[in-house]
Amino acid sequence: MNCNEFRLIIDQGQPDSIMASMLQEHMAECPQCSLYYKMVFETIENAGQFLVLEEPSADLAVSISDFVFNAVPETRVVPMWVKITTAAAAVVFGLLIGSGVYQSRSANSTTNSNLFVAEAPADTIYMAETTEIMYMSFMSENE
Amino acid sequence: MDVASLRKGDRKAFQDLIDTTHRDVYRLAFRFTSNADDARDISQEVYLEAFRNIHSFREDANIKTWLYRITVNRSLNLIKKNKSKFISVSIDDSEASAFQISAPTTHEADAVVENKELKKILQSALNSIPENQRTAFLLFNHDGLSYAEIAEIMSLSLSAVESLIFRSKANLRKELAGFYQKNYGGAQVLKNSAVK
């Protein structure tokens, strides 16, 4: 094997076992081809050991945690008992207003008080409806 | 790794993930950027992105592969944004004058080129090959990643990865052969070959 043949095999990249022993023989007597092999073949095939590998500083994990957890503030988890109590309060409040509306309607129908017919019931009904909507949306959000 | 807890946004589980994987993420980022500050910044951004999107992580997937994918994307984005900083430098421009490697004359010649120098030569050669080939090659030489894992990280088929790695090696050989030729002189090799 001469140097040109040697380099041709190296350039092709994948010498088989027979070729490999011939390459070794040639390298034993040719320092230039030995260097060529090291530089062109070995460096690439064993790139893992030649590529620059740097270890991170000891505080990297802490700095990553700080960076991540400061950027994303922790969301407060509302306890279940608070949710239930709030929902119950909303129900009671709604019932109170609803019964008030019922009573005022009953009073209007029996005592011929035309004063309340146009204004008072409308406001109260609106409040009752609003409360009901708030309650329903609260319940759906917390499902 | 408790993926279910991670997906729920459990901070302790995420802290465990950082503790167990940050070294590999940093090293990979460093492989791409060759800069400690950039690698550190990328590592932080990788985990922030991961934390924000952890709910979209599939439980059957490999979380390390997922982190590597984010790392590669972040690294390539940084390189694209700072092209002037990461601009490709040919081996001949950057290394030949710095090394002053003398042509080997003895059988111990292969000791002439130190590993430190080979690292620089290889790094420069890597900068001169196409980005996707470089990415595949760097992943192939990182943390014992398999072709399948590289395919997942790069969102490519297995055969595409094999082809990229094959071509990257061929191009690197070409670059390094060119460097050798320029610094040791092809004429001398031809002369020797005529004798043998």
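Reader: Is the crossing of α7(B) and α8(B) left-handed or right-handed, and how do you know?
Author: The crossing of α7(B) and α8(B) is right-handed. A crossing gets that name if the near helix is turned clockwise from the far one by less than a right angle, and left-handed if anticlockwise. By the way, this is a predicted model, where local features need pLDDT of at least 70 and side-chain atom pairs count only at pLDDT 80 or more, while totals for chains, interfaces and linings use all residues. Residues are numbered from 1 along each chain as its sequence is written, and chains are lettered from A, with ligands numbered from 1, in the order in which they are written.

Reader: What do you call the way α7(B) and α8(B) lie to each other, and why?
Author: Helix α7 (residues 131-140) and helix α8 (residues 147-154) of chain B cross at roughly 135 degrees, with axes that come within 10 Å. An axis is a line fitted to C-alpha atoms, for helices over the stretch in contact, and the angle runs from 0 to 180 degrees between N-to-C directions. Under 35 degrees is roughly parallel, over 145 roughly antiparallel, 65 to 115 roughly perpendicular, and the rest oblique. That is why α7(B) and α8(B) are called oblique to each other.

Reader: Which residues meet there?
Author: From α7(B) you get B:Thr135, B:Ala136, B:Leu139 and B:Phe140, and from α8(B) B:Ile150, B:Ile153 and B:Met154. Being in contact means having C-beta atoms, placed from the backbone, within 7 Å. By class, this contact has six nonpolar residues, one polar and no charged. Nonpolar covers Ala, Val, Leu, Ile, Met, Phe, Trp, Tyr, Cys and Pro; charged covers Asp, Glu, Lys and Arg; the others, Gly among them, are polar.

Reader: How do you know whether α7(B) is largely enclosed?
Author: Count the buried residues: eight of the 10 in α7(B) qualify, so this helix is largely enclosed by the rest of the structure. A residue is buried if 20 or more other C-beta atoms lie within 10 Å of its own, exposed if 12 or fewer, and partly exposed in between. B:Gln133, B:Arg134 and B:Phe137 are among the buried ones. They pack against α2 (11-33), α4 (63-81), α6 (115-127), α8 and α9 (158-184) of chain B.

Reader: What angle do α2(B) and α3(B) make?
Author: About 135 degrees, with the axes of α2(B) and helix α3 (residues 36-52) of chain B 8 Å apart. That makes α2(B) oblique to α3(B). Their crossing is right-handed. The contact includes B:Phe14 and B:Ile18 of α2(B), and B:Val46 and B:Phe51 of α3(B).

Reader: What makes something a nonpolar core, and which residues touch the most other members of the largest one?
Author: A core is a set of buried Ala, Val, Leu, Ile, Met, Phe, Trp, Tyr and Cys residues joined through C-beta atoms within 7 Å. The largest has 63 residues, and A:Tyr36, A:Tyr37, A:Val40, B:Ala29, B:Ile150 and B:Leu176 touch the most other members. Its largest share, nine residues, comes from α2(B).

Reader: How many residues of the two chains are in contact?
Author: 34 residues of chain A are in contact with 47 of chain B. On the chain A side, α3(A) gives the most, with 10 residues. That side has 22 nonpolar, nine polar and three charged residues.

Reader: What is chain A built from?
Author: Eight helices and zero strands. Helices are DSSP runs of H or I with at least four residues, and strands are runs of E with at least two, numbered from the N terminus.
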